[in-house]
Amino acid sequence: MTRPVDTSRPASVKEWRLNLYLSEHDPDTTARIVLDTGDNVLESCAEARRSPYDPGVPEIGDELAAGRALIALGRALMRAASGDIEAVGAPEATSSAPLWTSGE
């Protein structure tokens, strides 16, 4: 996903653009995320479905679908980083950080 850093240049600020699209078709909400790093584009999608016994609160579906899509995007970024680490021949870290703690 990434290129080796050119050490002859000073450190710079990067901007990654993330667009989150929410689509609701009761009882389903779909979230689609597109991350443009300037070098690559990653996408993730996720859904939430309201139980017919629950009250209709669109914000909850938005939050669940978006949260799930963000988690999926985070996992995709971690896989991309792992592939990049392997590609440059660096040893992989022995322990990975959890995506969330049990209290979340």
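1. Basis of the values. Because the model is predicted, local features are given at pLDDT of at least 70 and side-chain atom pairs count only at pLDDT 80 or more, while totals for chains, interfaces and linings use all residues. Residues are numbered from 1 along each chain as its sequence is written, and side-chain values use heavy atoms, with hydrogens and water left out.

2. Fold. The chain has three strands and one helix, and their order along the sequence is β-β-β-α; here helices (H or I, at least four residues) and strands (E, at least two) are DSSP runs, numbered from the N terminus. Among the contacts with a separation of 6 or more, 40% join residues 24 or more positions apart, a contact being heavy atoms within 4.5 Å.

3. Burial and surface. Of the 104 residues in the chain, 17% are buried, where buried means under 20% relative accessible area, exposed over 50%, and partly exposed in between (1.4 Å probe, protein chains only). The accessible surface comes to about 8200 Å², and carbon and sulfur atoms hold 55% of that surface; the areas come from the Shrake-Rupley method with a 1.4 Å probe, and for residues only the protein chains shown count as cover.

4. Nonpolar patch. L18, L20, L22 and L70 make a nonpolar surface patch of about 340 Å², to which strand β1 (residues 17–25) gives the most, with three residues. Patches are made of residues with over 30% relative accessible area and no salt bridge, like charges being joined within 9 Å and nonpolar side chains (Val, Leu, Ile, Met, Phe, Trp, Tyr) within 5 Å. L22, which is placed in strand β1, counts as partly exposed because its relative accessibility is 42%.

5. Salt bridges. The count comes to four salt bridges, under the rule that a side-chain nitrogen of Lys or Arg lies within 4 Å of a carboxyl oxygen of Asp or Glu. One of them joins the side chains of E15 and R17, at 2.7 Å from N to O, and both E15 and R17 are exposed.

6. Bridges between strands. The side chains of D28 and R49 meet in a salt bridge at 2.5 Å, N to O; D28 lies in strand β2 (residues 28–36) and R49 in strand β3 (residues 41–49), so this pair ties together parts that are 21 residues apart in sequence. D28 is partly exposed at 22% relative accessibility, whereas R49 is exposed at 63%. E43 and R32 also form a salt bridge, with their closest N and O atoms 3.2 Å apart, and the pair links distant parts of the chain, with E43 in strand β3 and R32 in strand β2, eleven residues apart. E43 counts as partly exposed at 47% relative accessibility, and R32 is partly exposed with a relative accessible area of 33%.

7. Helix. Helix α1 (residues 58–87) has 30 residues and should span 44 Å at 1.5 Å a residue, which agrees with the 43 Å between its end C-alpha atoms; the expected span is 1.5 Å times one less than the number of residues. The residues G61, A65, A66, A69, L73, A76, A80 and D84 of α1 are buried, and what covers the buried residues of α1 includes β1, β2 and β3. After α1 comes G89, with a positive phi near 80 degrees.
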